[in-house]
Amino acid sequence: IRFRQDVIRELESNPELLETTRQFYAQIYQLLSMFMAWPERARLDPTVFRLEILESSRDAVDFMATRFKGASSALSRLHECGTEIRKSKNYQLLNDLLDYETHLAKVTFRVRLGADGKIRDLVLDDLAENSGNPFYRRPWQRIKDRLELMRRGYEFSRKEVVNRVVGRAFLQIRSWIRPLLQVLGQLSFYLSTIAFKEQTEKLGLRMSLAEVEEGATLEIEELFNPLLLRLGRPVPNAIAADRAETIMIITGPNSGGKTRLLQAVGLAQLLGQSGIYVPAATAGLPLLDGLFASITERATVDQTEGRLGTELLRIRELFEAASPRSMLIMDELCSGTNPSEAEEIVLMVLQLLERLRPVALITTHFLGFGRRLEQEQPVANLRFLQVELDAEKRSTYQFVPGVATTSLAAHTAERLGVNFEELSALVTRRGGGDS
């Protein structure tokens, strides 16, 4: 967590380094694209294509060695890696080969032009061959080598020789090509979380790096659900526990934001403990071993159990895997059966959670049962949140302490036009006779 947060903080505080990292990501991505295009590009001229890959690889190493110098976080490893590669014999071989391929000799001409702009005279002033390159052979040596090979009966073109040399260089650098390509995933991890923060800030939302500590209490300010960003700007919330082992019972009307709150808390824990930005202004999170969720799923044709049975199986799996250092998220617990039987199961689950001592968040529609739990406190560490309603009984998508007094089923039905008068009018229009 600290390792990743240090990288993000350095990128955030150093715009020049952030831009350098983005450029390096584009460079490595281009190199990967060249490997992926191998079958098509290699058909035209495999030697030229190999040389292009070798040149891109060398440029990436040079970029690491020079541009990440001075980084203080784990980004300094890129500089160290590039520096070590440049010290190797294989890198020197590669550098010499590319230098020889682009610089065999330097020729200087003197040109005399006529009044019509055409060349009247062309004089060779100087010819300087790249004799310092290990691949360089003097002209008489090149002629001698070719005559000797012809005398022995060997016939091959210069292109074949070059292809062999390039292939050899290619094989010798493959040991550091693989990790060079793998760093693409690491860079993507950091750059994507920074890009996500930049997008949310345009909507006026704040993101932060969480304080994750052993035994800390859950405390998040201005928490929002990132899954709602595609629908517009979500409403931020605050959620806080007064102790590390807490069971939160959340009640309120349908479409009040209960499920979205559970998602937001779970995502905040997941992202925060991954060492990247949390969708909240500030976040204090406990260090956990596991995150488990029991969310209502759509039924499938091959499902052997009904809704309640499927949920109970998920609950059993949850208790099989969870530990005291876990976060448990349960949405609409036991809503697939009648209230009296469901209350017995919910109470059993709460009593077992009391013994397990995790951080648990549970939503329920059993408001009467919730009020009894609040009054009688049969289980320790229970805390209660309810959806806040405005003066017109509409959800504000905020949560306040307590248990909801109504699910607003009639209000919701009225808002959606599901009442006797409107449905009766529909029946009449469909030829259903008088009301």
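Where is Asn381 found? In the loop between α12 (367–376) and β13, and one of the views below goes there. This is a predicted model, so local features need pLDDT of at least 70 and side-chain atom pairs count only at pLDDT 80 or more, while totals for chains, interfaces and linings use all residues. Residues are numbered from 1 along each chain as its sequence is written, and side-chain values use heavy atoms, with hydrogens and water left out.

**View 1. The whole protein chain, for orientation.**
The protein chain has 14 helices and 14 strands. Of the 435 residues, 39% count as buried; here buried means under 20% relative accessible area, exposed over 50%, and partly exposed in between, with a 1.4 Å probe and protein chains only. Contact means heavy atoms within 4.5 Å. Take the contacts between residues at least 6 apart in sequence: 69% of them join residues at least 24 apart.

**View 2**
Two strands pair if DSSP finds at least two bridges between them.

**View 2. The four-stranded sheet.**
Here 4 strands make an open sheet in the order β4-β9-β5-β6, again with mixed pairing. Strands β4 (211–213) and β6 (237–240) stand at the edges with a single partner strand each, so one side of each has no neighbour in the sheet. From one strand to the next, the twist averages 20 degrees. Strands β5 (residues 219–223) and β9 (residues 282–286) run antiparallel, with 3 bridges between them. In β9, Ala283 is the bridge partner of Ile220.

**View 3. Helices α1 and α2 where they pack.**
Helix α1 (residues 2–13) meets helix α2 (residues 15–36) at an angle of about 110 degrees, their axes 5 Å apart. That makes α1 roughly perpendicular to α2, a label covering 65 to 115 degrees; under 35 counts as roughly parallel, over 145 as roughly antiparallel, and the rest as oblique. On the α1 side the contact is made by Glu10, Leu11 and Ser13, and on the α2 side by Pro15, Leu17, Leu18 and Thr21.

**View 4. Helix α5 on its own.**
Helix α5 (residues 76–87) has 12 residues and reaches 17 Å from its first C-alpha to its last, close to the 16 Å expected at 1.5 Å a residue. That expected span is 1.5 Å times one less than the number of residues. Which residues of α5 are buried? They are Ser76, Leu78, Gly82 and Ile85.

**View 5. Two loop residues with positive phi.**
Most residues other than glycine have a negative phi. Ser255, in the loop between β7 and α9, has a positive phi of about 60 degrees although it is not a glycine. At 57% relative accessibility, Ser255 counts as exposed. Asn381 also has a positive phi, near 65 degrees, but Asn381 is buried, with a relative accessible area of 16%.

Ile1 belongs to the segment before α1 and is partly exposed at 28% relative accessible area. Leaving aside neighbours within four places in sequence, Ile1 is in contact with Val212, Gly272, Gln273, Gly275 and Leu287. Gly272 is in helix α9 and is buried, with a relative accessible area of 0%. Between Ile1 and Gly272 there are 271 residues of sequence separation and 8.0 Å in space, C-alpha to C-alpha.

How values were computed
Axes fitted to C-alpha atoms, helices over the stretch in contact; angles between N-to-C directions.
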